[in-house]
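Here is a short briefing on one protein model.

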Amino acid sequence: MSHDMLTRPIGGSGITASVIGLGTWAIGGWMWGGTDRAASIAAIQAAVDEGVSLIDTAPAYGQGVAEEIVGEALQGRRDKVVLATKCGLIWHARQGNHFFDYDGQPVHRHLGRASIIHEVEQSLRRLRTDCIDHYITHWQDPTTPVEETMAALEELKRAGKIRSIGASNCSVSDLRAYLGAGQLDAVQEEYSMLKRDIEDTLLPVCLQAGVSVLSYSSLALGLLSGRIGPDRVFSGDDQRKDNPRFSQENRRRVAALMEEIAPVARGHSATLAQVVIAWTAQQPGITFALCGARNPEQARENAAAGRLRLTSADLQTISDAARRHLTTLNA
């Protein structure tokens, strides 16, 4: 893996970032069994030191915890990263649609102008920065017209508070509405070997419109990391505990897949996780692969996937194996 870190542009924004991004949902601790602040800071710094320039976070990850940790970790390194965070999941007001409760308090999906203006200031403070490079609507709000949301985001861009605009967890109709209302640079959606539905829905529209795609859960919450065997036990508030995707039968099928792609990994002196991440980033229409890391070792391993170049034969071998073992997986 002697290649340089692969970089790609974020839509038409003029911003370029590493193809591997560090996702910080787990760092927020919520739904991941808590967080270790020191290990999280070390993980972020290790990722940046290894050439990862895209750092993705959100207020909802531990209600500000992940953003605060990212802000602390990037002191002295801010100029090395493209910092992405989100808006639209709020607990400061009860507007929009109720989405879920956090510690007994309601969280709503809301993308009205005043709320977005409030949120960006909170994020800037927690992140210890004066500008967010990529600002993303986290979940879509059916109670607010996309035109109002986009006008607020364009206003923030003119004010120099944000540099580019993204949308996450959106439908094709949401995507078309954003494209009709202003400059949308990227979408962020779940995509992995296990979940490929956007290949037939969002990806063709994005490719045609020049919209970048950030995949999240690229390792399917760790299921595709090559390290979660059939005997692993999940505890506490770890969301994988009762997730049917993590059934023992599914984990056996994933283990069979890993066995089949192991020769590709060995051929590149790479780990199984690196091969899975590289395969994801090399799929048509996928621009960036976001991967979580909770310690420096994981961060370094994920980063190295951005220096891995799989051949067309490698990609075919992996895709064929995934089709055999994963198409009947119980989601």
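How many of the residues of helix 8 (residues 272-281) are buried? The helix is mostly covered, with 9 of its 10 residues buried. Buried means under 20% relative accessible area, exposed means over 50%, and partly exposed lies in between (1.4 Å probe, protein chains only).

This is a predicted model: local features need pLDDT of at least 70, side-chain atom pairs count only at pLDDT 80 or more, and totals for chains, interfaces and linings use all residues. Residues are numbered from 1 along each chain as its sequence is written, and side-chain values use heavy atoms, with hydrogens and water left out.

**Helix 8**
- The buried residues of helix 8 are Ala273, Gln274, Val275, Val276, Ile277, Ala278, Trp279, Thr280 and Ala281.
- Helices (H or I, at least four residues) and strands (E, at least two) are DSSP runs, numbered from the N terminus.

**Helix 4 against helix 5**
- Helix 4 (residues 146-158) and helix 5 (residues 172-181) have axes that come within 9 Å and cross at roughly 50°.
- That makes helix 4 oblique to helix 5.
- Axes are lines fitted to C-alpha atoms, for helices over the stretch in contact, and angles run from 0 to 180 degrees between N-to-C directions.
- Angles under 35 degrees count as roughly parallel, over 145 as roughly antiparallel, 65 to 115 as roughly perpendicular, and the rest as oblique.
- The crossing of helix 4 and helix 5 is right-handed.
- A crossing is right-handed if the near helix is turned clockwise from the far one by less than a right angle, and left-handed if anticlockwise.
- From helix 4, Val146, Glu147, Thr149 and Met150 meet Ala177, Tyr178 and Ala181 of helix 5.
- The residues of this contact divide into 5 nonpolar, 1 polar and 1 charged.
- Ala, Val, Leu, Ile, Met, Phe, Trp, Tyr, Cys and Pro count as nonpolar; Asp, Glu, Lys and Arg count as charged; the others, Gly among them, count as polar.

**Helix 5 against helix 6**
- Helix 5 packs with helix 6 (residues 202-209) at an angle of about 20°, with the axes 10 Å apart.
- Helix 5 and helix 6 are therefore roughly parallel to each other.
- Helix 5 passes helix 6 in a right-handed crossing.
- Val172, Leu175, Arg176 and Leu179 in helix 5 meet Leu202, Val205, Cys206 and Ala209 in helix 6.
- By class, this contact has 7 nonpolar, no polar and 1 charged residues.

**Cysteines**
- The disulfide count is 0, where a disulfide is a pair of cysteine sulfur atoms within 2.5 Å.
- For Cys131, the closest cysteine sulfur is in Cys87, 14 Å away and too far for a bond.
- Cys131 counts as buried, at 13% relative accessibility.
- For Cys206, the closest cysteine sulfur is in Cys170, 7.2 Å away and also too far for a bond.
- Cys206 is buried, with a relative accessible area of 2%.

**Loop residues**
- Arg77 lies in the loop between helix 2 (65-73) and strand 5 (82-87).
- Leaving aside neighbours within four places in sequence, Arg77 is in contact (heavy atoms within 4.5 Å) with Gln45, Val48 and Asp49.
- The C-alpha atoms of Arg77 and Gln45 are separated by 8.2 Å, with the two residues 32 apart along the chain.
- Asp103 sits in the loop between strand 7 (97-102) and strand 8 (105-109).
- Phi of Asp103 is near 50°, a positive value in a residue other than glycine.
- Asp103 is exposed, with a relative accessible area of 70%.
- Leu221 lies in the loop between strand 12 (212-216) and helix 7 (248-267).
- Phi of Leu221 is near 60°, a positive value in a residue other than glycine.
- Leu221 is buried, with a relative accessible area of 14%.
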